[in-house]
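Have a look at the model first.

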Amino acid sequence: RVVTMAVAAAAAVGSAGAAAVGVGFYNRENYFFDTETGMLRNFQAIGMSIKQQELYREDVKDLVALTVQKMDKYLIVNTMMLGFCMTLYIEGRPEPDDNNPDWLIHLFALCNVGSFMYYLLSIWLAMHASVTAHSFGVRMLTQYVRLPIPDENTLDKCIGLAEHFEGAKMEDMFRIPVIKQQGARLRKAMERTSRTSSDDARSDAGWSDGDGRDDLSGGVASLEHIKLYRSLQTHWLGYDAYARVCMALGTNQLFHTLSYMTLCSLVAENNVPWPAFCCVIIYTTGAWSILKIDLRLTGRWFWVVSFFLLVAPPGLVIGSL
């Protein structure tokens, strides 16, 4: 009997040892499998982070390009209009010898010079806005919105070595599979059942958590590079806006110039006031449209400006009849 018990004990010890060795090899294989999976996950996260920063850099480039490309178009249009003003002043100006009154020539010259100065000022403002926007865009791309290239320490943390498993706790090295996870799953299921019963009781009592609205705060406007761009935009936003205003005022003065040139050509030289009146009405309507579209004036000031704008050139035609 003693021999039998000894044999049985030896067999039990051998079985336990074999089971422990098997569990140890199982956990070791699981450790390296989890390490490889985690390493792939970390590399995927690094790649997605780089892609995200590339998207942010594209956002900055697109936002800066809105101002730069718009100012470039302003420069082209304003330069062409400057040439048109100079052509009117050199080749299209009325001469005193053609029975043109001096006051009409003076009005033509003043409006043409005013148009020229507004276009010139618009060019300067557009150049400043374009250069400033491009400069701050480059500063954002080179100093703030950079690609998150991982360093050696970050890459070293992604890998797993055999010595890490060997330095783990004994309970982790010889963890019995399935039992711990299934126990945790059973415990969560019991907690979920208890929580569901409590929520049903609260619903029956008419209670509610929150107001049922979705949290819509945040979004693109809350991103750091968008906030930084909006704070830097104040350095050129005023130049951008007033470049458009000066271009609108220059076009307004150009319409007046054409009106006075028409008066000189059709009324003073050819004595045909009614065609001149129709042309002046067309030019004045164009000037009023520019004022209405591009400039935001309050109600009283808008009507005051509109009155002088619509009355002066047609009034001169009527007075010449």
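Is Q69 buried, exposed or partly exposed, going by its relative accessible area?

## Starting with Q69

Keep in mind that this is a predicted model. Q69 comes out as partly exposed, because its relative accessible area is 46%, which falls between the 20% limit for buried and the 50% limit for exposed.

As for where to find it, Q69 sits in helix α1, which covers residues 2-90. Its C-alpha atom is 8.0 Å from that of S130, although 61 residues separate Q69 and S130 along the chain.

## The chain overall

Zoom out and you'll see helices and no strands: the count is 10 helices and zero strands. Reading from the N terminus, the order is simply α-α-α-α-α-α-α-α-α-α.

The chain has 321 residues, and 26% of them count as buried. Its accessible surface is about 21,600 Å², with 63% of that belonging to carbon and sulfur atoms. Now take the contacts between residues at least 6 apart in sequence: 84% of these join residues at least 24 apart.

## α2 against α8

Helix α2 spans residues 102-143 and helix α8 spans residues 237-269; their axes come within 7 Å and cross at roughly 160°. With that angle, α2 is roughly antiparallel to α8, since anything over 145 degrees counts that way. The handedness of this crossing is left-handed.

What kinds of residues make up the contact of α2 with α8? By class, there are 22 nonpolar residues, 10 polar ones and one charged.

## α8 against α9

Helix α8 also pairs with helix α9 (residues 273-294), and here the axes come within 9 Å and cross at roughly 175°. So α8 is roughly antiparallel to α9 as well.

If you want to pick out the contact in the viewer, the α8 side includes R244, A248, T251, N252, F255 and L258, and also S259, T262, L263, L266 and V267. From α9, the residues taking part include P273, P275, A276, C279, V280 and Y283, along with T284, G286, A287, I290 and D294. Sorted by class, the contact of α8 with α9 has 14 nonpolar, six polar and two charged residues.

Back in α1, where we began, Q69 remains a partly exposed residue.

Key: Residues are numbered from 1 along each chain as its sequence is written. This is a predicted model: local features need pLDDT of at least 70, side-chain atom pairs count only at pLDDT 80 or more; totals for chains, interfaces and linings use all residues. Side-chain values use heavy atoms; hydrogens and water are left out. Helices (H or I, at least four residues) and strands (E, at least two) are DSSP runs, numbered from the N terminus. Buried means under 20% relative accessible area, exposed over 50%, partly exposed in between (1.4 Å probe, protein chains only). Contact means heavy atoms within 4.5 Å. Accessible areas come from the Shrake-Rupley method with a 1.4 Å probe; for residues, only the protein chains shown count as cover. Axes are lines fitted to C-alpha atoms, for helices over the stretch in contact, and angles run from 0 to 180 degrees between N-to-C directions. Angles under 35 degrees count as roughly parallel, over 145 as roughly antiparallel, 65 to 115 as roughly perpendicular and the rest as oblique. A crossing is left-handed if the near helix is turned anticlockwise from the far one by less than a right angle, and right-handed if clockwise. Ala, Val, Leu, Ile, Met, Phe, Trp, Tyr, Cys and Pro count as nonpolar, Asp, Glu, Lys and Arg as charged, and the others, Gly among them, as polar.
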